[in-house]
Amino acid sequence: MSVIKIADLTRDYGNGKGIFQISFRVEEGEIFGFLGPNGAGKTTTIRHLMGFLRPQSGKCRIAHLDCWKERDRIQEFLGYIPGEMNFFEDMTGWEFLNFCARYRGLREPSREKELMDRFEVDPRGKIRKMSKGMRQKLGIVTAFSHDPQVLILDEPTSGLDPLMQNRFVELLREEKQRGKTILLSSHMFEEVERTCDRVGIIREGRLATVDTIDTLRKRHMRTYTVTLDNPKLARAFARDFGGSASGNKARVTAKQSLESIFLHYYGGKRHD
């Protein structure tokens, strides 16, 4: 079942800026990677899903609810990490977490303590004095603490050290096993590779492709024929690289890294 549905979503800011006829779906229990360079339209798309922007044309729905007209109902089961964290600076971490719990109508968020322990969050100090990493971890706790069924995550590991990035990847895998539906916007290629079932790549406001990572890899495989000095060297070369040999020629197939594949799409039409 498709939980997130976007159909022909368009917002034209003029001068070629905006998003144009964006269409994709995220299935129940799927982690969908939403990728693209800065300014490509990722955050604009996400703001429509969050009900912050009204579509000029097209539709976006979460769990069959209209993201603009029924955004208050969607917020009840949605977790969100924005690309730019904005907090009430004079609050302590505890005060902010309690504020969010009251906003959601929760007496005691079910996963708050577990998440604070997991990400080593110290909520006692003023938010304005917290490091970028601690703010990001506070945002993660806020997004996951009410155990939402749908998560929209915009650069969620920005500012985290490698240890915390790894813990976040583990958290996403666990949430997927629990049937959560997740839209993940990220520039961390390893993070995407380790967590996502499919990816959609947006470029210049338009969707360039939607595919599984395996399909993308197969599409961008390259086959090379290498001429060696003699058949013995050709056979050895083919054996080492899983290819085949004929005479003094070896034929091998190489997969591009995930990063190289994404950069192919990121780089504009001149890279097609």
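1. Let's begin with Leu 49, which touches Ile 4, Ile 6, Cys 60, Ile 62, Cys 67, Ile 152 and Leu 183, leaving aside residues up to four places away in sequence. Contact here means heavy atoms within 4.5 Å. Leu 49 sits in helix 1 (residues 42-49); helices are DSSP runs of H or I with at least four residues, strands are E runs of at least two, and both are numbered from the N terminus. With a relative accessible area of 1%, Leu 49 is buried (buried is under 20% relative accessible area, exposed over 50%, partly exposed in between, with a 1.4 Å probe and protein chains only). Gly 33 is 16 residues from Leu 49 along the chain, and their C-alpha atoms are separated by 15 Å.

2. A word on the basis of these notes: this is a predicted model, so local features need pLDDT of at least 70 and side-chain atom pairs count only at pLDDT 80 or more, while totals for chains, interfaces and linings use all residues. Residues are numbered from 1 along each chain as its sequence is written, and side-chain values use heavy atoms, with hydrogens and water left out.

3. Next, a pair of helices. The axes of helix 5 (residues 132-144) and helix 6 (residues 162-177) come within 12 Å and cross at roughly 10°, which makes helix 5 roughly parallel to helix 6. Axes are lines fitted to C-alpha atoms, for helices over the stretch in contact, with angles from 0 to 180 degrees between N-to-C directions; under 35 degrees counts as roughly parallel, over 145 as roughly antiparallel, 65 to 115 as roughly perpendicular and the rest as oblique. From helix 5, Lys 137, Ile 140 and Phe 144 meet Met 164, Phe 168, Leu 171, Leu 172 and Glu 175 of helix 6.

4. Phe 88 belongs to the loop between strand 6 (78-81) and helix 3 (93-103) and is partly exposed, at 45% relative accessibility.

5. Finally, two backbone angles. Gln 21, in strand 2 (residues 17-27), has a phi near 50°, a positive value in a residue other than glycine; Gln 21 is exposed at 54% relative accessibility. His 64 is not a glycine either, yet has a positive phi of about 70°.
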